[in-house]
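Please read it with the coordinates at hand.

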Amino acid sequence: MRAVVLGYGGMGCTGLRALLARGYEVVALFTHPDQPGEATWFESVAELAARNEIPVFAPDDINEPLWVERIRKLGPDALFSFYYRRLVGAAILQIPPAGCFNLHGSLLPRYRGRAPLNWVLLRGETETGVTLHHMTAKADAGDIVCQQAVPIAPDDTGRTLYDKLAAAAGPMLERYLPLIQSGKAPRVAQDESKASSFGRRTPADGEIDWTRSAEEIRNLVRAVTRPFPGAFTHVARTKLMVWEAAVSSRSHAAQAPGTVVSLDPLEVACGSGALEIRYGQIEDGIYCSGAQLADSLRLALRTRMGSKPERRRTGDRKQRVLILGVNGFIGNALSERLLESGRYEVHGMDLHDVAIRRFASNPGFFFHEGDISIHSEWIEYHVKKCDVVLPLVAIATPIEYVRNPIRVFELDFEENLRIIRYCVKYGKRVVFPSTSEVYGMCDEDEFDEDHSRLILGPINKQRWIYSCCKQLLDRVIWAYGQQAGLRFTLFRPFNWIGPRLDSLESARIGSSRAITQLILNLVEGTPIQLVDGGNQRRCFTDVAEGVECLFRIIENPKSVCDGQIINIGNPDNEASIRELAGILLEEFERHPLRSCCPPGGGIIEPESSVYYGQGYEDVQHRRPSIRNARRLVGWQPVTGLRQSVASTLDFFLREHVAASDPERVPG
């Protein structure tokens, strides 16, 4: 059987050896170049392949048409992915007649996504394993071929557990690879009710939060200790890496989290218990014992460890982010992520503060109640004062495009153009929210940021004024970037859903997203309205994942996002509005607050011209390419549609019931 292998690292070697041992003809290996600064402690699968005279390739994007065509010409019967780091698109998955198979480092459906090895340790699991499964367009969701459980010992680290998984994977593969050759590989569907997904980890995620329990912090240390980037904390401005730790068996008088309570051994108070730092090192220093670290740092009892303090000198302060429309769905979720990072101040304006009152006590959050159409002096001053500007104010609901197109133009184009001109004037970076709707009636299957055609409907369909305004402003921003040196990034959110999406009140007047309108129908017992039959397809994106991508765009490492257009959507979560309504209804019927709402009102299917007005026209699909998000900021969505729908519904149900009967809402 001819096989193409996608692999990296030691587990890639394990998989490749198993294929060769079972007589597979491996016709090519696709891998990744080693990243500068990344510890390459593992065996090289590229070297192993080369020594076996197997051609080796390392494309930036394996889903590019030229690589898809090259794989097709190789004529593989099967494709295997062994710890390959990028998602494989549908065009490749359709090539091998015997199927595509992925080796994942957990017992699926638990711990889908990135870095499962580290996540299981961090979360204190006592068992994990390896799973070989059929690949689908959705990451780690295909039918299971086989699994091998691996116990996690209390002293296991990321490295020791990796070795255990590799040792378990080899024999498991050798047992089941013959079944794939004979076409008899098992297919056991994953239980979606038991699925859990976890995202990518970065070195910054190793920072110790001393308010956590000693056991939780010990788990963090062993999850990311060498050869991974490591757990760390700060003593004043000195970074301290913690490579080995234990929960202290000694009792100490209650102290604030992060307080040094013993010097030899070096022990630090946590939210619960105390942590003994056994080994570590000062950044750029030598590996040594905790007691030596205490001496080198001249620690004293009651010294506090924690986050690196911010200097207030010019040029070394927190970055200031100006968010206009901060109370909106994206604005309030992004503010939360920025403030959580501890590296940003958020300065915001909006007409109301309902969704952001939870930040009122945060010293890094500054809010001004105002209207961008009126308070131009405040806006100009804050554009000049801040480092990054996000103009999120827009009218973005279909019924408003038809009812009030002139106001859409004035707000979405004219007012935002004024803000862009301020950014040019003061040399500020702007991260501008374009829209998935700029693609309009584009007839391509997947909307590419850089190459897809942007096609709008006829002039008498007023719904296109929003798309036209946004597209024109995109082009103006691009021109300012070319001629005036404006630093910009355009991002295009694709149907984000989640808590605080908008409000049931806005749904009552027809000015909300589709999912909120559907939820309103459910909680009020009115008929679900599927406009034009609800056959329009959208790709729904979990707000937490969307905001994480946006946060990375704001971080902008090495300015990689400057001058770029970035789609932020989940192409795996494609569903029609009718299918979305079906999922909502299922989750609604099983929700504990279902009994607080009246019986259902059935389903009706109004025409769009009746529901929105004669100026409306819709598109049947809107599926994004997220090549730029993957390539530039390493972003890959993993949250399934049902999980996002359930969290959105739960938020609105709790809010609805709390308004009339707070005691019925569970904690």
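## A buried charged pair

Arg 492 counts as buried at 4% relative accessibility, where buried means under 20% relative accessible area, exposed over 50% and partly exposed in between, computed with a 1.4 Å probe on protein chains only. Asp 474 is likewise buried, with a relative accessible area of 5%, and it forms a salt bridge with Arg 492 in which the closest N and O atoms are 3.0 Å apart; the term requires a side-chain nitrogen of Lys or Arg within 4 Å of a carboxyl oxygen of Asp or Glu. Because Asp 474 belongs to helix α13 (residues 464-484) and Arg 492 to strand β21 (residues 488-493), the pair ties together parts that are 18 residues apart in sequence. Helices (H or I, at least four residues) and strands (E, at least two) are DSSP runs numbered from the N terminus.

## Basis of the values

The model is predicted, so local features need pLDDT of at least 70 and side-chain atom pairs count only at pLDDT 80 or more, whereas totals for chains, interfaces and linings use all residues. Residues are numbered from 1 along each chain as its sequence is written, and side-chain values use heavy atoms, with hydrogens and water left out.

## Other salt bridges

A search of the whole structure finds 42 salt bridges. One of them joins Arg 337 to Glu 548, with the closest N and O atoms 2.8 Å apart; since Arg 337 lies in helix α9 (residues 329-341) and Glu 548 in helix α16 (residues 543-555), this pair ties together parts that are 211 residues apart in sequence. Arg 337 counts as partly exposed, at 21% relative accessibility.

Arg 110 forms a salt bridge with Glu 125, the closest N and O atoms being 2.7 Å apart. In this pair Arg 110 is partly exposed, with a relative accessible area of 38%, while Glu 125 is buried at 17%.
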